[in-house]
Amino acid sequence: MKTNPNIHKFKFCPGCGRKTLTPDGIKAFECPVCGFQFFLNCAAAAMALITDEQGRLLVTRRGREPARGSLDLPGGFAEPGEGIEDCLVREVKEELNLTVTTRTFFASFPNTYPYRGVDYFITDMAFICSVDSFEDIRAMDDVARFSFISLPDLKPEKFGMASARKTVESFVNFQHILS
């Protein structure tokens, strides 16, 4: 059984306020005093695989932690009540001012997102997308900058998040099979 990576990070029970919250498996905490259970379930996130007319992949540079300064794919977390496809469209618009016109599910990968001392479990879902135009593209939100990289020049190890590395590796292999 895997160890809870947040074992020492949560101590106080949100139910009774006592310092009695204890880990109960990899994603749960329980208070033995009041019985409150707290779960760190997987969050959903979307990533966009967008290529230009030369077949180069659109990549971003992370403007914030975690992995600030590393390469990434456009995308982000789904908001409560939001479907993953709507999340994808919204995130690409927020980060790059691009309008997604088509999206096809490609793959999903587990990820851990460390933020302010807590390790969040994520399921990243990647979509192959097209956009209406690159004319108004600009780096916004948590994107420091963007670039287009040809598939042979992509270096997955330059991507800061494990799921983005796996997605890029899979996408390059997929494109190689198609050609």
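Begin by selecting Phe 10, Phe 29 and Phe 38, which ring pairs link into a cluster. Rings of Phe, Tyr and Trp (its six-membered ring) pair here if their centres lie within 6.5 Å, with planes under 30 degrees apart counted as stacked, over 60 as edge-to-face and the rest as tilted. By this rule the chain holds nine aromatic pairs.

Before going further, note that this is a predicted model, in which local features need pLDDT of at least 70 and side-chain atom pairs count only at pLDDT 80 or more, while totals for chains, interfaces and linings use all residues. Residues are numbered from 1 along each chain as its sequence is written, and side-chain values use heavy atoms, with hydrogens and water left out.

Now zoom out to the whole chain, whose C-alpha atoms fill a box of roughly 60 × 30 × 25 Å along the principal axes. The secondary structure comes to two helices and ten strands, where helices (H or I, at least four residues) and strands (E, at least two) are DSSP runs numbered from the N terminus. Along the sequence they follow the pattern β-β-β-β-β-β-β-α-β-β-β-α.

Next, select β7, β4, β9 and β8, which form an open sheet of four strands in that order, with mixed pairing; two strands pair if DSSP finds at least two bridges between them. The edge strands are β7 and β8, each pairing on one side only. Neighbouring strands of this sheet are turned by 20° against each other on average, direction ignored; axes are lines fitted to C-alpha atoms, for helices over the stretch in contact, and angles run from 0 to 180 degrees between N-to-C directions.

Within this sheet, compare two pairings. β4 and β9 pair in the parallel sense over eight bridges, and Ala 45 can be found opposite Asp 124 in β9. β8 and β9, by contrast, are antiparallel over 14 bridges, with Arg 103 opposite Cys 129 in β9. β8 and β9 form a hairpin with two residues between them, and Arg 116 in the turn has a positive phi of about 50°.

α1 lies across β4, β7, β8 and β9 and runs at about 60° to β4, whereas α2 lies across β4, β8 and β9 and runs at about 140° to β8; contact here means heavy atoms within 4.5 Å.

Six bridges join β5 to β10, and Arg 61 stands opposite Arg 145 in β10.

Then look at the loop between β5 and β6, which contains Pro 66 and Ala 67. A cis peptide bond, with omega of about 0°, joins Glu 65 and Pro 66, and Ala 67 has a positive phi near 60°. Most residues other than glycine have a negative phi, and most peptide bonds are trans.

Finish at the largest pocket, which holds about 580 Å³ of space. Of its 31 lining residues, Arg 62, Gly 76, Phe 77, Tyr 113 and Asp 142 are the closest to its centre. On a 1 Å grid over the protein atoms alone, a pocket is an open set of points where a 1.4 Å probe fits, with protein on both sides within 12 Å along at least five of seven lines, and lining residues have an atom within 4 Å of a point. Grid points are joined across faces, edges and corners, and the volume is the space filled by probe spheres set on the points. Which element gives the most to the lining? β4 does, with five residues.
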